[in-house]
Amino acid sequence: MAEQAQCCSPIIETTSPERYRVQFTIGKDSHDKLRRVQALLRREIPDGDPGAIFDRALTVLLDKVEKTKLGAADKLRRHRPIRPKTEPRQAIRPGTDKEARKPTVPSRHIPREVQRAVWRRDHGQCAFVSSTGRRCTERTFLEFHHVQAYAMNGPATVANISLRCWRHNQYEAELIFGPSGPSIVREECTSP
Ligand SMILES: [Zn+2]
C-alpha cells in the first residue's frame with residue numbers, strides 16, 4: 001500500500017522506498033515549455049522522461065532561489081543604516097583626562113559564506129532535535145540561530161550558527177533568557 005506524503009496527500013505518494021509518484025495538471029504554456037525542453041535535451045534525456053526534466057528544473061530553481069533568498073537577507077542587512085564612526089571624544093582637560101573611548105560592540109552580521117554553508121549543512125530545514133531525537137521538519141520561515149547566544153558573545157561562525165524555524169528559535173531563546181528575556185535576534189533567511 002502506498003504511503004502518502006504528509007502535506008500533499010492526493011498529489012505525491014511513495015511507490016517504493018526513495019521513489020514517489022507525482023501527479024499534477026499543467027497548462028498549455030507549461031506543456032509547450034516541457035516539449036521544447038524535451039526537444040533541446042534529446043541527447044541527454046533520449047526518452048524525454050518528464051521526471052528527469054522535473055529533477056533538472058528543480059535543481060536549477062533551488063539553486064536560484066537559495067541564492068536569491070540568501071542574497072536578499074544579506075542585502076537587507078547591508079541596507080540598514082550604518083552609524084558613522086564616532087571620533088574619539090576630546091579630553092576636557094588635555095593632559096589630565098584619559099581619552100574617552102566607545103566600547104567595541106561585536107558585529108551581529110552573519111557573513112554570507114557562513115549563511116550558505118549553514119544552509120547547505122542543515123539542508124534548508126530547521127535543525128532543532130527534540131528530546132526524543134526527532135528533527136523538526138519545518139522548511140519555511142527559517143532563521144539563523146546562534147547556538148551560543150549572540151548576547152553571550154556567540155560568534156557568527158558555521159559551527160555556532162544553525163537553522164531554526166521561528167518557533168524553535170523563540171523556544172530556545174526562552175530556554176536561555178526566559179519568556180521575559182531580551183527580545184530575540186531574528187536573522188531571517190527564507191521569508192520573503
Ligand atoms: Zn523547528
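**Contacts, patches and pairs**

Analyst: Leaving out residues up to four places away in sequence, Gln38 touches Gly48, Pro50 and Ile53. Contact here means heavy atoms within 4.5 Å. This is a predicted model: local features need pLDDT of at least 70, side-chain atom pairs count only at pLDDT 80 or more, and totals for chains, interfaces and linings use all residues. Residues are numbered from 1 along each chain as its sequence is written, and side-chain values use heavy atoms, with hydrogens and water left out.

User: Where is Gln38 found?

Analyst: In helix 1. Helices (H or I, at least four residues) and strands (E, at least two) are DSSP runs, numbered from the N terminus.

User: Is Gln38 buried or exposed?

Analyst: Gln38 counts as buried, because its relative accessibility is 8%. The cut-offs: buried is under 20% relative accessible area, exposed is over 50%, and partly exposed is in between (1.4 Å probe, protein chains only).

User: What does the Gln38 side chain reach?

Analyst: The backbone oxygen of Gly48, at 2.7 Å.

User: Zoom out. How many helices and strands are there?

Analyst: The protein chain has 4 helices and 4 strands. From the N terminus on, the order is β-β-α-α-α-β-β-α.

User: How much of the chain counts as buried?

Analyst: 26% of its 192 residues. The chain exposes about 14900 Å², and carbon and sulfur atoms supply 56% of that. Areas come from the Shrake-Rupley method with a 1.4 Å probe; for residues, only the protein chains shown count as cover.

User: And what share of contacts comes from residues 24 or more positions apart?

Analyst: 53% of the contacts with a separation of 6 or more.

User: Now the surface. Which residues make the nonpolar patch?

Analyst: Ile11, Tyr20, Val22, Phe24, Ile26, Phe54, Leu58, Leu61 and Val65 make a nonpolar patch of about 800 Å². Strand 2 (19-22) and helix 2 (50-78) are the elements that give two or more residues to the patch. Patches use residues with over 30% relative accessible area and no salt bridge; like charges are joined within 9 Å, nonpolar side chains (Val, Leu, Ile, Met, Phe, Trp, Tyr) within 5 Å.

User: Which element gives the most?

Analyst: Helix 2, with 4 residues.

User: What about Val22?

Analyst: Val22 sits in strand 2. Val22 counts as partly exposed, because its relative accessibility is 39%.

User: Switching to rings. How many aromatic pairs?

Analyst: The count is 2. Rings of Phe, Tyr and Trp (its six-membered ring) pair if their centres lie within 6.5 Å; planes under 30 degrees apart are stacked, over 60 edge-to-face, the rest tilted. Take Phe24 and Phe54: their ring centres are 5.9 Å apart and the planes are at 45 degrees, so this pair is tilted. Phe24 lies in the loop between strand 2 and helix 1 (28-40) and Phe54 in helix 2, so the pair ties together parts 30 residues apart in sequence. Phe54 counts as partly exposed, at 37% relative accessibility.

User: And Phe128 with Tyr171: what kind of pair?

Analyst: Edge-to-face: 5.7 Å centre to centre, with 90 degrees between the planes. Phe128 is in the loop between helix 3 and strand 3, Tyr171 is in helix 4 (residues 166-177), and the two are 43 residues apart. Phe128 counts as buried at 12% relative accessibility, whereas Tyr171 is partly exposed at 42%.

User: How many salt bridges in the whole structure?

Analyst: The search finds 4. The rule: a side-chain nitrogen of Lys or Arg within 4 Å of a carboxyl oxygen of Asp or Glu. Among them, Arg21 meets Glu13 at 3.1 Å, N to O. Arg21 is partly exposed at 40%, while Glu13 is buried at 18%. Another joins Glu172 and Arg164 at 2.6 Å, and both of these residues are buried.

User: What does Asp122 pair with in a salt bridge?

Analyst: Arg121, at 2.9 Å, N to O. Arg121 is partly exposed at 38%. Asp122 is buried, with a relative accessible area of 6%.

User: Where is Asp122 found?

Analyst: In the loop between helix 3 (112-121) and strand 3 (142-146).

User: Which residues is Asp122 in contact with?

Analyst: Setting aside neighbours within four places in sequence, Ala127, Arg135, Ser162 and Leu163.

Notes. A polar contact is a pair of N or O atoms within 3.5 Å; within protein, one must be able to donate a hydrogen and the other to accept it, and residues adjacent in sequence count only if both atoms are side-chain atoms.
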